[in-house]
Structures are given as structure tokens and as C-alpha cells.
Amino acid sequence: MGLFTSINIAATGMSVERLRGDVISNNIANATTTRTQEGGPYRKQSVVIEPIASEHPTWRLPFVNVDQDNGPGKGVRVREIVKDTEQGRMVYDPDHPDAIKSGPNKGYVEYPNVNIVNEMVDMISANRAYEANSSVIQGSKEMFAAALQIGQ
């Protein structure tokens, strides 16, 4: 394991959490958007995260299953950003320009499937995960500084 491995792993986590925060902010900003370029209301987006596995691990943890895992990994990355397909809430407002013109839902407007409370909880989670990764980097820097002092 290299000298800067812990910093690199924490940096990937910070990068993912920053993007996650951006996506959550976008969801909150569009919580009332009833018309998008694709047509229809805004759809909530979510970040799908996956680990970056080490192809050639240099060491193994005692609890790693050798048959199923190839080492501690190299951090995380975003696999994709997906749009939620769940229908949004329907509100009766026949005067709204995006109201449904015909059919059984005539006069209803479909609003985005964004729940502000859930988004705020996710934002707090992303911020805390970002801060935790930042603390790992700070701790690594302090550990390296102490190691340099010992070597003097």
C-alpha cells in the first residue's frame, strides 16, 4: 500500500459526494418544474456509486474473502446518474398551462416526484460523508508529518 493511497481513496469519496450534493441540489431546485425539454415534469435523479476494485492488490485484510474479493480497493466512482420513473404527485389545477387537457386526469397537473424532506436528509448525508473523507485526508497528512518528524 503506497504512501498516498489513503488520500487517493478519500479523494474519490469526496469527488463522489460533491457530485451527489450537486444532483440533490438540482432535485431541490426543480421540485416544482412541470415542464422540461424532454416533455413532462422533472424526474428526480439519483447517483449510483460503485467501488473501484484493485486489479493487483498488494495486501489483504484478515476479513476479506479471497474467493470473492480481490483486495481493499481504490475508492469509489459514479457508475451513472439515473432518473426515477415513479409518477409525481397529481394536483388539480385546470388553469395551469401544463394541465392535462383530456382523459380521466383532465385538469390535473403532474408535479415532480421530488420530496424536499428526503432530499434535505440526503444532502445532510452527502455533506457528512464529504466531511468524513476530508477528515481522513487531514489525519493522513498529520500522520505523514509525524512520520517525517520521527525520521529527523
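Over the ring of which residue does the charged end of Arg89 sit? In this predicted model, the ring is that of Tyr111, and the charged end of Arg89 lies 4.8 Å from its centre.

**Aromatic pairs**

Contacts between rings are considered next. The count of aromatic pairs comes to two. Their geometry is set out below.

| Pair | Centre to centre | Angle between planes | Arrangement |
|---|---|---|---|
| Phe4 and Phe144 | 5.6 Å | 75° | edge-to-face |
| Tyr92 and Tyr108 | 5.3 Å | 70° | edge-to-face |

**Phe4 and Phe144**

Phe4 belongs to the segment before α1 (5-29), whereas Phe144 is part of helix α2 (residues 116-150), so their pairing ties together parts that are 140 residues apart in sequence. Phe4 has a relative accessibility of 45% and therefore counts as partly exposed. Phe144, with a relative accessibility of 17%, counts as buried, because buried means under 20% relative accessible area.

**Tyr92 and Tyr108**

Tyr92 and Tyr108 form an edge-to-face pair, with an angle of 70° between the planes. Tyr92 is located in strand β3 (residues 90-92) and Tyr108 in strand β4 (residues 108-110); the pair therefore ties together parts that are 16 residues apart in sequence. The relative accessible area of Tyr92 is 53%, which makes this residue exposed, since the exposed class lies over 50%. Tyr108, with a relative accessible area of 30%, is partly exposed.

Notes. Residues are numbered from 1 along each chain as its sequence is written. This is a predicted model: local features need pLDDT of at least 70, side-chain atom pairs count only at pLDDT 80 or more; totals for chains, interfaces and linings use all residues. Side-chain values use heavy atoms; hydrogens and water are left out. Rings of Phe, Tyr and Trp (its six-membered ring) pair if their centres lie within 6.5 Å; planes under 30 degrees apart count as stacked, over 60 as edge-to-face and the rest as tilted. Helices (H or I, at least four residues) and strands (E, at least two) are DSSP runs, numbered from the N terminus. Buried means under 20% relative accessible area, exposed over 50%, partly exposed in between (1.4 Å probe, protein chains only). A charge sits over a ring if NZ of Lys or CZ of Arg is within 6 Å of the ring centre and within 35 degrees of the ring normal.
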